[in-house]
Amino acid sequence: MTHPGLSDSPLLKAARGEEPAHTPVWFMRQAGRSLPEYLKVREGIGMLESCMDPGLVHEITMQPVRRYGVDAAIFFSDIVLPLKAVGVDLDIKAGIGPVVASPVRTMADVEAIPDLTPEHVPFITEAVRSLVGELGATPLIGFAGAPFTVASYLVEGGPSKEHAKTKAMMFGAPDVWDALMRKIGGIAAAYLRVQVEAGASAVQLFDSWAGALTPTDYRTSVMPHSARVLADAGTLGVPRIHFGVGTSNLLSLMGEAGADVVGVDWRTPLESAIPLVGDRAVQGNLDPTLVFAPTDVMLDRAREVLEAGRAAKGHIFNLGHGVIPSTDPDQLKRLSDFVHAWQR
Ligand code: 1CP
């Protein structure tokens, strides 16, 4: 049963371009990493193992909601979890990130990756159901990695700065690239569908590394695949947030790909981003390092972001990328309280 207040929650209203009671706020990577209560429950338990334990996922997803009073929960999982669930041999190593045992290089490698069905991820359905029961009128944001960003881990075999092997496949083996992007896009769409059907009320597509692309390459080789994922999520009737890092040259295209809300990193001022995203809401974009500044400096900058956000069709306050692990949770609490007290 959907909670009667959910549809009128500030996050969903802002995402639809309606006037919310206050500007909604949540923080990318709010679950995990910086919270002492997170480090405590994760002690001795691997990242992927945690993501497959519905009780633990429930607890970790709720921790930042309890502590900060944010306007949304983000489901605790990872962009590579659905690949693990279908049988790709990978691990998430502490301090490194996703590491893939046999990187994908050939058409046969792509064809060996199964499509995702709900039977691969019963623990996701279970965790989402129990979470929406506790969250009530607070939205749960489901998420998936976008095809380009997930492809980078599969092709490189791990985290990469240049994405050189990934782009070499895109430039040099377009048939393999196309098949890989379709495969990952299908998995992402199915994974989002599982989350929404279990009760998630918004989704975010993370194309964190899309900023490595020129607009032409993005438009030709990446955008159609992200657009298919977003179109599929659109049939589920929930708002779609589309986020990447270093994407000032791609913001229009990321909107056109089918987003209701375009996530903006901290490098692009909202006043520059808003005209680019068209008739869509924006999410962002305080520099995540400002939590290390004196509180008054952080809050002054937050005020500037909030004021710039007035010009948007809708504004969801967030950091311009994820919470840095050494962040003091008390600073995020002050930030969340400040956003809630700010008068639009
Ligand atoms: O609030 C949350 O933490 C929600 C859960 C969440 C999300 C939304 C995690 C948990 N990961 C993600 C998304 C994710 N994972 C992205 C997109 C968002 C972003 O840009 O930050 C990316 C690129 C990843 C891949 C990944 N997983 C990395 C980055 C590696 C690189 O290339 O630099 C890392 C370090 C991970 C591991 C991970 N995922 C999540 C946590 C809490 C952790 C750390 C766990 C550990 O070290 O034990």
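Reader: So which residues come nearest to the ligand?

Author: Arg29, Ala31, Tyr153, Ser208 and His321 come nearest, out of 26 residues around the ligand. A residue is near a molecule if one of its heavy atoms lies within 4 Å of it.

Reader: Before I get carried away, what sort of model is this?

Author: This is a predicted model, where local features need pLDDT of at least 70 and side-chain atom pairs count only at pLDDT 80 or more, while totals for chains, interfaces and linings use all residues. Residues are numbered from 1 along each chain as its sequence is written, and side-chain values use heavy atoms, with hydrogens and water left out.

Reader: Okay. What's the make-up of that shell by class?

Author: The shell around the ligand has 16 nonpolar, six polar and four charged residues. For those classes, Ala, Val, Leu, Ile, Met, Phe, Trp, Tyr, Cys and Pro count as nonpolar, Asp, Glu, Lys and Arg as charged, and the others, Gly among them, as polar.

Reader: How far is the side chain of aspartate 78 from a nitrogen atom of the ligand?

Author: An N or O atom in the aspartate 78 side chain is 2.7 Å from a ligand nitrogen. Arginine 33 also has a side-chain N or O atom 3.2 Å from a nitrogen of the ligand. With arginine 42, a polar side-chain atom lies 3.2 Å from a ligand oxygen. A polar contact here is a pair of N or O atoms within 3.5 Å.

Reader: And how much of the ligand does the protein cover?

Author: On its own the ligand has 890 Å² of accessible area, and the protein covers 88% of that. The areas come from the Shrake-Rupley method with a 1.4 Å probe.

Reader: Which pocket is the ligand in?

Author: The ligand sits in the largest pocket. "Sits in" requires more than half of its atoms to lie within 2 Å of the pocket's grid points. A pocket is an open set of points, on a 1 Å grid over the protein atoms alone, where a 1.4 Å probe fits, with protein on both sides within 12 Å along at least five of seven lines.

Reader: Which helix and strand each supply at least two residues of the shell?

Author: Those are helix H2 (36–42) and strand S3 (97–100). Helices (H or I, at least four residues) and strands (E, at least two) are DSSP runs, numbered from the N terminus.

Reader: Back to the arginines. Where's arginine 29?

Author: Arginine 29 is in the loop between helix H1 (10–16) and H2, and arginine 33 is found in the loop between H1 and H2 as well. Phi is positive for arginine 29, near 60 degrees, and for arginine 33, near 70 degrees. Most residues other than glycine have a negative phi.

Reader: Why does arginine 29 count as partly exposed?

Author: Because its relative accessible area is 32%. Buried means under 20%, exposed over 50%, and partly exposed in between (1.4 Å probe, protein chains only). Arginine 33 is partly exposed too, at 37%.

Reader: What about histidine 321, buried or exposed?

Author: Buried, because its relative accessible area is 14%. Histidine 321 lies in the loop between strand S9 (315–319) and helix H15 (329–341). From histidine 321 to glycine 246 is 10.0 Å, C-alpha to C-alpha, although 75 residues separate them in sequence.

Reader: New topic: how many residues of helix H8 are buried?

Author: Ten of the ten residues in H8 (147–156) are buried, including Phe148, Tyr153 and Glu156. Glycine 157 follows H8, with a positive phi near 95 degrees.

Reader: Where's the cis peptide bond?

Author: It joins glycine 284 and asparagine 285, with omega about -5 degrees. Asparagine 285 is part of strand S8 (residues 281–286).

Reader: Last one: why does histidine 242 count as buried?

Author: Because histidine 242 has 0% relative accessibility. Histidine 242 belongs to strand S6 (residues 240–243), and its C-alpha is 7.5 Å from that of glycine 255, 13 residues apart along the chain.

Technical notes. Polar contact = N/O pair within 3.5 Å; in protein donor to acceptor, adjacent residues only side chain to side chain. 1 Å grid on protein atoms, 1.4 Å probe; cavity = no way out; pocket = protein on both sides within 12 Å on 5 of 7 lines; lining within 4 Å.
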